[in-house]
Amino acid sequence: MSNYILDAKDLTKTYEENEKKIAALSQFNLQVAKGKFVSIMGPSGSGKTTLLNILGCLDKPTSGQFMLDGLDITKMKEEELPKIRAEKVGFIFQKFNLIPTLTALENVARARAKTGLEIVKLLGKLSFEEQRTIILVTHDKKMASLSHQMMFLKDGKLLKGEKKGTLETEHMDEFTCPKCGGDISPDFVLCPYCGTKLK
Ligand SMILES: Nc1ncnc2c1ncn2[C@@H]1O[C@H](COP(=O)(O)OP(=O)(O)OP(=O)(O)O)[C@@H](O)[C@H]1O
Ligand SMILES: [Mg+2]
């Protein structure tokens, strides 16, 4: 069995429009370990929404294999997907019309009035405190950099040379930022709350 909670192999997604085929994803590969916070950036039309729909079990790829927590989603029937989404996936949309399918996301749900950046910081906290796996799609570099790993999508493929984010922690120990007093990890190079450089 795969050691990754998300394991996508050779995914393609082709849409047909006016008898023309559009490859929204092509030979896409991604492996994400449990508790990792991955951010994905990419220009308009690069396949971000298509990818999130597949990773969130809202849609299936045209070909390739997508495993979620050891389950082969590509082999499942459409009617089996809602249960999997309810048990394993949470969605937070751009405008924060939240669907708190996971109790662990209730913290984030309570943050409706907060700014995008504050939401992303809470997501970082969820990843290190509760080992939640986070996939964030954003056009905002600052938000993306608060993850473990920044990835870049172009023409339905991940570009080589992904960048490490500032969220460098594997464990959450008691530790606070000397400037704002926020709970942080000793591994942090940057305080996610106030932006103070820690190392
Ligand atoms: N339902 C659809 N039917 C036909 N083509 C589609 C469909 N959905 C997406 N596409 C095409 O697939 C490609 C990838 O689209 P996608 O929406 O995944 O990009 P995106 O990175 O989310 O873009 P944006 O930043 O504008 O939201 C684009 O060329 C788009 O036109
Ligand atoms: Mg999109």
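Biologist: What makes S4 and S5 a hairpin, and which residue in the turn has a positive phi?

Modeller: Two residues lie between S4 and S5 in this hairpin, and aspartate 69, in the turn, has a positive phi of about 50°. This is a predicted model, in which local features need pLDDT of at least 70 and side-chain atom pairs count only at pLDDT 80 or more, while totals for chains, interfaces and linings use all residues. Residues are numbered from 1 along each chain as its sequence is written, and chains are lettered from A and ligands numbered from 1 in the order in which they are written.

Biologist: How do you know that S4 and S5 pair, and in which sense do they run?

Modeller: Two strands pair if DSSP finds at least two bridges between them; strand S4 (residues 63-68) and S5 are joined by two bridges, so the pair meets that cut-off. The two strands run antiparallel, and leucine 68 has leucine 71 of S5 as its bridge partner. S1 and S4 are also antiparallel, with five bridges, and there aspartate 7 has methionine 67 in S4 as its bridge partner.

Biologist: Why are S2 and S5 called edge strands?

Modeller: The sheet is open and has four strands, in the order S2-S1-S4-S5, with antiparallel pairing. Within that order, S2 and strand S5 (71-72) each pair on one side only, as edge strands do.

Biologist: Why is leucine 126 called buried?

Modeller: A residue is buried if 20 or more other C-beta atoms, placed from the backbone, lie within 10 Å of its own, exposed if 12 or fewer, and partly exposed in between. Leucine 126, which is found in helix H4, has 21 such atoms within 10 Å, and it is therefore buried. Other buried residues of H4 include Val120, Leu123 and Phe128, and buried residues make up 32% of the 199 residues in the protein chain. The C-alpha atom of leucine 126 is separated by 8.4 Å from that of glycine 35, although the two residues are 91 apart along the chain.

Biologist: What makes a residue part of the shell around ligand 1, and which element supplies the largest share?

Modeller: The C-beta atom of the residue, placed from the backbone, must lie within 6 Å of the molecule. Among the residues surrounding ligand 1 are Tyr15, Glu17, Gly47, Lys48 and Thr49. Strand S1 (6-17), strand S2 (20-32) and helix H1 (48-55) each supply at least two residues of this shell, and the largest share, three residues, comes from H1.
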